[in-house]
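Good morning. I have one structure to go through today, and I will keep to what can be read from the model.

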Amino acid sequence: MNSKIKECSTIINDLIVIQPDSFYDHRGENFETYNEEHYSKMFKSISEFKDKDLKFVIDSFSNSTKNVLRGFHGDTDNWKLIDVLKGSVYFVVIDVRLNSSTYKNVQYFQLNDKNRYQVLVPAGCVNAHLVTSDDCLFHYKLTKSYVSIEKQIHIKWNDSEYNVFWPIKDPILSKRDK
């Protein structure tokens with residue numbers, strides 16, 4: 001199986017959407033979410049990534065129920081490869097890199113276990129997701145170890161500076177995200 005970069009315009013530099021191949025038959029579905037050899041070649045074929053060494057070192061998962069909103073979090077070192085293994089989310093990325101020509105741009109995606117889209121989020125961008133299904137298994141790969149909370153970039157989910165549209169007005173939030 002091979003994955004390919006989805007022909008999808010993004011309004012944030014270095015942000016890409018990947019469409020993994022899936023195989024379906026009478027038994028169900030089989031898909032590959034990551035293959036280091038294939039993904040390394042895919043990333044190196046894109047001009048923005050030629051000088052970057054994207055090696056993923058951590059896999060992390062969150063399991064949430066409908067209307068849970070997680071994020072906006074990020075840091076200046078970690079690239080993240082995001083996908084949804086079960087359920088669906090409304091996924092948002094904000095470019096907060098001061099030296100980026102797409103600084104303050106906001107990009108929205110629907111990620112789910114049907115379209116299998118993956119989003120490569122550049123270091124220096126923050127992301128958040130709102131669970132839109134009854135439950136959801138959210139997955140991300142990181143290129144570096146976790147950064148302490150004090151060194152993370154955090155933006156309030158409803159920060160008026162970014163004017164992010166959310167499909168609900170009263171999400172379930174952690175104390176940190178309020």
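Lys104 is partly exposed, with a relative accessible area of 33%. The scale, taken with a 1.4 Å probe on protein chains only, calls a residue buried under 20% relative accessible area, exposed over 50%, and partly exposed in between. Lys104 sits in the loop between S8 and S9. Its phi is near 75 degrees, a positive value in a residue other than glycine.

Before going on, this is a predicted model, so local features need pLDDT of at least 70 and side-chain atom pairs count only at pLDDT 80 or more, while totals for chains, interfaces and linings use all residues. Residues are numbered from 1 along each chain as its sequence is written, and side-chain values use heavy atoms, with hydrogens and water left out.

Asn163 also has a positive phi, about 50 degrees, although it is not a glycine. Asn163 is found in the segment after S13 and is exposed, at 64% relative accessible area.

Is Asp14 buried or exposed? Asp14 is buried, with a relative accessible area of 15%. It belongs to the loop between strand S1 (3–5) and strand S2 (16–20). The side chains of Asp14 and Arg97 are joined by a polar contact of 3.4 Å. A polar contact is a pair of N or O atoms within 3.5 Å; within protein, one must be able to donate a hydrogen and the other to accept it, and residues adjacent in sequence count only if both atoms are side-chain atoms.

Now the strands. A strand is a DSSP run of E, at least two residues, numbered from the N terminus. Two strands pair if DSSP finds at least two bridges between them. Strands of a sheet pair through backbone hydrogen bonds, either parallel or antiparallel.

In which order do the five strands of the open sheet come? The order is S9-S8-S11-S6-S13, with antiparallel pairing. Strand S9 (106–112) and strand S13 (153–154) are the edge strands, each pairing on one side only. Within the sheet, seven bridges join strand S8 (residues 88–95) to strand S11 (residues 125–131), and Ile94 stands opposite Val126 in S11.

There is also a hairpin, made by S3 and S4 with two residues between them. Strand S3 (residues 22–25) and strand S4 (residues 28–31) pair in the antiparallel sense over four bridges, with Tyr24 opposite Glu29 in S4.

Next, the core. In soluble globular proteins, nonpolar side chains tend to be buried together. A nonpolar core here is a set of buried Ala, Val, Leu, Ile, Met, Phe, Trp, Tyr and Cys residues joined through side-chain atoms within 4.5 Å. The largest nonpolar core has 17 residues, and those with the most contacts inside it include Val89, Phe91 and Val93. S8 gives the most to this core, with three residues.

The bond from Gly71 to Phe72 is cis, with omega near 5 degrees. Phe72 is in strand S6, which brings us back to the sheet, where S6 comes between S11 and S13 in the order.

That is the end of my list.
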